[in-house]
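Hello,

The structure you asked for is below, followed by notes on what was found in it. Please read the notes alongside the coordinates.

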Amino acid sequence: MSMADMREPIESGCPDGFQYMHPVMRKNFGQWKYHDDPQPGVLRHVAFSGDVVFTIKAGTQRILDVFTLRTLCDIGDKFADGFIRFTIRSNIEYIVTDEAKVQPLIDALTEAGFIVGGTKNSVTSLSHTQGWLHCDIPGTDASGVVKSMMDELIGEFTAWNMPNRVHITTSCCQINCGGQGDIAINVQHTKPPKIDHNLVANVCERPSVVARCPVAAIRPAMVNGKPSLEVDEKKCICCGACFPPCPPMQINDAEHSKLAVWIGGNHSNARGKPTFQKLVASGIPNNPPRWPEATAIVKRILKEYKEGAKDWERINEWVERIGWPRFFEKTGLPFTKYHVDNWRGARASLNASTHIRF
Ligand code: SF4
Ligand code: SF4
């Protein structure tokens with residue numbers, strides 16, 4: 001085939017977002033003078049040109065069925081200017097240029113069962129990963145944890161009660177996406193994988209599995225005359241990284257896969273450097289369908305943060321100011337041998353916090 005016959009590559013990935021943007025936002029791109037918050041769930045952006053746009057934010061369940069999407073789009077066609085966008089935390093945002101359209105739009109969303117909020121110093125919509133719907137390695141269903149927690153935190157989503165913004169995330173396995181936020185709820189496996197030796201040779205590429213283990217706990221082995229793998233359980237940190245490339249190394253377990261809560265993760269911003277989150281509660285039962293134990297811990301942390309933090313302190317800044325021992329005293333969470341530092345140099349520091357010494 002000559003070069004002249006070669007077809008253009010088909011680009012995949014996200015389409016250019018500009019084509020879907022509200023025309024007033026497109027016109028004023030990069031030319032905004034300021035923005036403010038007229039009421040919970042509503043942002044007002046004012047451009048140097050004098051143009052004004054209002055953004056109305058509502059929480060969704062992230063994994064949307066077609067009926068719900070059509071309902072949301074119909075609301076956008078009827079009560080907004082026909083433009084929507086989704087934020088990274090599964091909120092839908094409508095953009096209008098006429099202030100008179102704001103309240104009817106909020107009323108239509110509320111009527112249809114959607115909650116408007118999630119701006120300024122509120123608890124934003126919990127972000128979550130794919131869970132059982134798309135992924136093959138979850139230890140829990142992220143959507144379920146999010147739904148049951150948000151049901152209890154609706155009042156914090158619709159109001160500006162918190163000292164600053166609170167981002168909560170969930171992650172349905174222990175190793176991959178999600179799980180970096182002011183409060184993160186992550187899966188925590190507590191037992192090494194159980195190996196189905198009959199299947200390993202047929203299903204797993206053993207060198208890849210050995211290479212996946214962060215603490216070199218996996219070795220090739222012959223079991224019952226078949227090539228398989230073995231795990232040094234003294235070394236294994238129960239991370240679950242061997243399960244994706246080798247499903248016969250079953251790590252998910254109804255009883256021993258727990259939840260853990262980490263706090264204080266933050267990306268860098270104009271005021272501070274990035275901070276790593278720290279484990280504050282472990283071994284929480286993974287208890288569907290409402291996960292009451294995990295929710296109670298999150299609510300307890302939020303209550304102490306709300307009462308104790310200064311205005312505009314994020315959770316990590318609040319804890320840094322009062323100190324970690326005081327955080328555990330105030331929240332009543334037990335400090336155990338499972339609390340570790342932030343995994344830098346984990347080989348040397350696992351189970352030995354550099355922050356708290358008892
Ligand atoms: S957190 Fe883990 S289990 Fe959940 S979607 Fe991401 S990779 Fe899959
Ligand atoms: S669970 Fe993690 S530490 Fe344990 S054997 Fe598998 S990869 Fe290694």
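Ligand 2 takes up the space that is the largest cavity in this predicted model. A cavity here is a set of points, on a 1 Å grid over the protein atoms alone, where a 1.4 Å probe fits but cannot get out. A molecule sits in a cavity if more than half of its atoms lie within 2 Å of its grid points. Around ligand 2 there are 14 residues, and the closest are C213, C236, C239, G240 and C242; a residue is near a molecule if one of its heavy atoms lies within 4 Å of it. Sorted by class, this shell holds 13 nonpolar residues, 1 polar residue and no charged ones. Ala, Val, Leu, Ile, Met, Phe, Trp, Tyr, Cys and Pro count as nonpolar, Asp, Glu, Lys and Arg as charged, and the others, Gly among them, as polar.

Conventions: residues are numbered from 1 along each chain as its sequence is written, while chains are lettered from A and ligands numbered from 1 in the order in which they are written. As the model is predicted, local features need pLDDT of at least 70, side-chain atom pairs count only at pLDDT 80 or more, and totals for chains, interfaces and linings use all residues; side-chain values use heavy atoms, with hydrogens and water left out.

Ligand 1 has a shell made of T129, Q130, G131, C135, I137, P138, S171, C172, C173, N176 and C177. These divide into 6 nonpolar and 5 polar residues, with no charged residue.

On the chain as a whole: the secondary structure comes to 10 helices and 14 strands, where helices (H or I, at least four residues) and strands (E, at least two) are DSSP runs numbered from the N terminus. The C-alpha trace spans about 75 × 70 × 35 Å along its principal axes. Of the 358 residues in the chain, 44% are buried. Buried means under 20% relative accessible area, exposed over 50%, and partly exposed in between, with a 1.4 Å probe and protein chains only.

Y305, W318, W324, F327, F328 and F335 are linked by ring pairs into a cluster.

Backbone points to check: P288 and P289 are joined by a cis peptide bond, with omega about 5°. P289 is in the loop between β14 (278–284) and α7 (292–308).

K120 is not a glycine, yet its phi is positive, about 50°. This lysine belongs to the loop between β6 (115–116) and α4 (142–157). K120 counts as partly exposed because its relative accessible area is 32%. Its charged end sits over the ring of W160, 4.3 Å from the ring centre; the rule asks for NZ of Lys or CZ of Arg within 6 Å of the ring centre and within 35 degrees of the ring normal.

W312 is another residue other than glycine with a positive phi, near 70°. W312 lies in the loop between α7 and α8 (315–322) and is partly exposed, at 43% relative accessibility. E313 is placed in the loop between α7 and α8. At 11% relative accessibility, E313 counts as buried. E313 and V166 are 147 residues apart in sequence, and their C-alpha atoms are 10 Å apart in space.

Three further residues have C-alpha separations on record here:

- A58 is part of strand β3 (residues 52–59) and is buried, with a relative accessible area of 0%. Its C-alpha atom is 5.9 Å from that of G117, 59 residues apart along the chain.
- Q250 is in strand β12 (residues 249–250) and counts as partly exposed at 36% relative accessibility.
- E205 is in the loop between α5 (197–203) and α6 (206–212), where it is exposed, with a relative accessible area of 56%. E205 and S228 are 23 residues apart along the chain, and their C-alpha atoms are separated by 10.0 Å.

Regards

Note on methods. On a 1 Å grid over the protein atoms alone, a cavity is a set of points where a 1.4 Å probe fits but cannot get out, and a pocket is an open set with protein on both sides within 12 Å along at least five of seven lines; lining residues have an atom within 4 Å of a point. Rings of Phe, Tyr and Trp (its six-membered ring) pair if their centres lie within 6.5 Å; planes under 30 degrees apart count as stacked, over 60 as edge-to-face and the rest as tilted.
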